[in-house]
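Let's take a walk through this two-chain model together. Have the viewer open and follow along.

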Amino acid sequence: MNLKTTYQLTKVLTYSQLRATSRIRGRLDFLRRPSAILLIDTVAFVGAFLVAQKLASIFTTTTLTSMGSSLAVQVMVDLPIFLMFLVMLSGLLWELSYSFSFTSTDMINHLPITATEYVLASSASVAFSYSVYVAVGLGGALGLALQFGLIYAWVMTVLMSLVGVLIGALGIEALRAFTNRASSLLYKRSGRAVMILRLVVLIAVFVFFQLIFNPTIMLSLLGSIAGSVQGALYFPLVWPSLAVASFLQDNLLSASLYAFLTFLLGGFFFLACARLRQAYWMPMPVSVKLSTATYEPRAGFLSRLGLNPAESAIVKKDFRSLSRRREMARFLAIPILIVASMLIPSLMSTQGSPASSAGIMFWFFSLTFGVTFFALFTSMISVGQEGSAVWNLYSSPLLPREFVRAKVSANIILSLPIAIAFWVGITLLGHTSFKASLAFLLVLAALILAESFVGLMLGVKYPDFGETIRSRFIRLTGMLTGMLLGMAIAGAILAPYGLYVLFKLQWLDRNIYFAVACFTSLILTALISAIAYRACVSSTKKLLAGLPV
Amino acid sequence: MNSSHAVEIESVVKCFGDTRAVYEVSLNVDHGEVFGLLGPNGSGKSTLMKLMLGLLKPDGGSITVEGFDVQRNPIDVRRIVGYVPESPRLYEFLTCIEYLDFVADLYKLTAQTKKERITEFLRAFELEGRENEMLSGYSQGMRQKAAIIAALLHKPKLLILDEPLNGLDPRSAKILKDLIHKLADEGVSTVFSTHVLEIAEAICSRVAIMHDGRVLAQGSVAELRSKAGMPGSTLEELFLKLTGTGDVREIVEALAR
């Protein structure tokens, strides 16, 4: 392995990622350099440090010193696996968007670069790109460590966090290779059933990787195996945290063992990723014949839903996009991931069972959150995912309202079956009353409708058609605004039911209040959707007026 | 809408930052005319074509297509124009037939019309038998054919073809050239850009030579010869003289060293 080549490649990859995603021009052009990341990291580190110091001083000046100390210890222990997860999650969302043909023609495949050099450079570049997490985490931890006399433990946390972040970045490399392998393997077969199988395999790979890196699950695991060295040995991803935990317990032998194992794990990941890349990196786009039937155009069920041919065509295309594009499978994995990562830890405890009343509320919340987030997210990316093929729409006589109706319909038709599946599940497992079951269904339908419109509103306003290594499909401003707005809207739609559950308004007949809650929630949904629809049409007019340059 | 010209471009300007991609361009394309846009790379041909379709907003001037103002009536213009960009990016996850069906639906063609035209064009461009394959597995030439078919499906009144012969095999190129002539006879106008000057000379009734965003000369090849005072010269010689890229000998010698 040539370290100079690796360093140069790391620089090139970092530059390409920064320049592909940054829209900054002019006087702020310096922000498109790697040194800008260092600057941001420094600011984030100092900021987090000051905030943590302030917080810690509040703890030490009150009677809550022991609580503050426990918090500091918890932060030190959890930080390595939390940072590992954050890098992995960011990777899942932003680092796997290279399309199949794009990857196979990537210049990097034709240059004299070895697999080990590429893997090290790529993971270093990814880790560097997300180093702001590390800066915030370690800055905050330092603030707490100084206040509670944990400075040596902090050094151990730094060491383990850095290795953890590298393991997370290497995990992304492994995920890339696995998804390539899944695509290549299944692409050699033809037929529609294989496309579905490929989608299922890709979603399973995403869910598996995310779950094994999930901090909630790992922390539950950490809690259940704490103190048991033998038990912990079987869960390598918690080793970095166990090294810190052992250090904090003054068990230097155990700390050294876990630290050593962590480094060994990093090395193993690195070598495994290099082997995977060597074997599976370059997918071969081959001809895939989906059917042998002769072409027979017919009006499908979409026209019966009231969609015109142009709208139906876009809906059909978007479904095919979601089910056939490797870079889209990660979005379909989102509701499963959210729900699984919330429910698995709860299932580990007896109180999390859907049979208990607290359990049913938690299940309801988890499923609602999963569906809401999915509807919002898929809607937000629905415009940007057109990519450079968007000229097909620009050059066609498509009306803005047709575009909006098509995109929203696609999102609702996609989200509703998932919502209904969740609804059936919770109704059967929780033995809920008819009234609760009806309310749950109404809430899910209302949330899907409102979030689809709001998501599209931002998707149209902030689309990102760039096909880069970190295609977002929506610009960062749109993404962040969408998340905040989406959560606020979900809160507003759920509020009438929340009041009903929380306050149990005894002065009002419960049945009447329930009806009022349903009505209010639906009116709010209609209002939000109508406003968002108008905004969507207006933004689409502007969008379709000129091809983005 | 009736108009004297299929395309009327009047003093159009388009800038990208400090770069003037198209500057004070004025030209007309007649009904049923095959009009060639020639020029070196980066001369503004593709930008001008995008402006004609309303894909880009001009910074100045006006463009009408079949009497429709491109800025005011972009949807009306797109209904009657067929466009093939320089490197058409298609939806690679669709099969060819799904893609063509999608485009036909965007133009709201009836099921019967869709079937007839798609089948006919697939046969003509020799994609029959491969229409159920995903576009991601298509070669560049096959993708170009798919894009050309998509542009022709709705029987446009104006064809805007940006380097349409890129990647096409000789037979398909011949089919396209003959088709352009046949459509011209039926009154369909074509604006066509190419670097292959022999083809431009063979199929275009008039050409415009662009350089640095400006139109240096326009007219039939014979008119250009006469204006340039180069009777008997080829279009290539005219082009190299007008664009100032004539003497390439030194460059070739330097490269060969």
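This is a predicted model: local features need pLDDT of at least 70, side-chain atom pairs count only at pLDDT 80 or more; totals for chains, interfaces and linings use all residues.

As for labels, residues are numbered from 1 along each chain as its sequence is written, while chains are lettered from A and ligands numbered from 1 in the order in which they are written.

Start in chain A. A:Ile81 sits in helix α3 of that chain, residues 65-94; helices (H or I, at least four residues) and strands (E, at least two) are DSSP runs numbered from the N terminus. Why does A:Ile81 count as buried? Because it has 29 C-beta neighbours inside 10 Å.

Now hop over to chain B and look for its open sheet of 4 strands, ordered β2-β1-β4-β5 with antiparallel pairing. Two strands pair if DSSP finds at least two bridges between them. At the edges stand β2 (19-29) and β5 (68-69) of chain B, each with a single partner strand, so one side of each has no neighbour in the sheet. Strands β1 (residues 7-16) and β4 (residues 60-65) of chain B pair over 5 bridges, and B:Val7 has B:Val65 in β4(B) as its bridge partner.

Next, find where the chains meet: 39 residues of chain B are in contact with 37 residues of chain A, contact being C-beta atoms, placed from the backbone, within 7 Å. Elements giving two or more residues to chain B's side are α1 (45-53), α2 (74-80), α3 (96-106) and α4 (111-124) of chain B. Which of them gives the largest share? That's α3(B), with 7 residues.

So let's stay on α3(B), where 11 of its 11 residues are buried, among them B:Tyr99 and B:Phe102. The cover over these buried residues includes α14 (309-324) and α17 (391-394) of chain A, together with α4 and α5 (140-152) of chain B. Just after α3(B), B:Lys108 takes a positive phi of about 55 degrees.

Terms used:
Two residues are in contact if their C-beta atoms, placed from the backbone, lie within 7 Å. A residue is buried if 20 or more other C-beta atoms lie within 10 Å of its own, exposed if 12 or fewer, and partly exposed in between; C-beta atoms are placed from the backbone.
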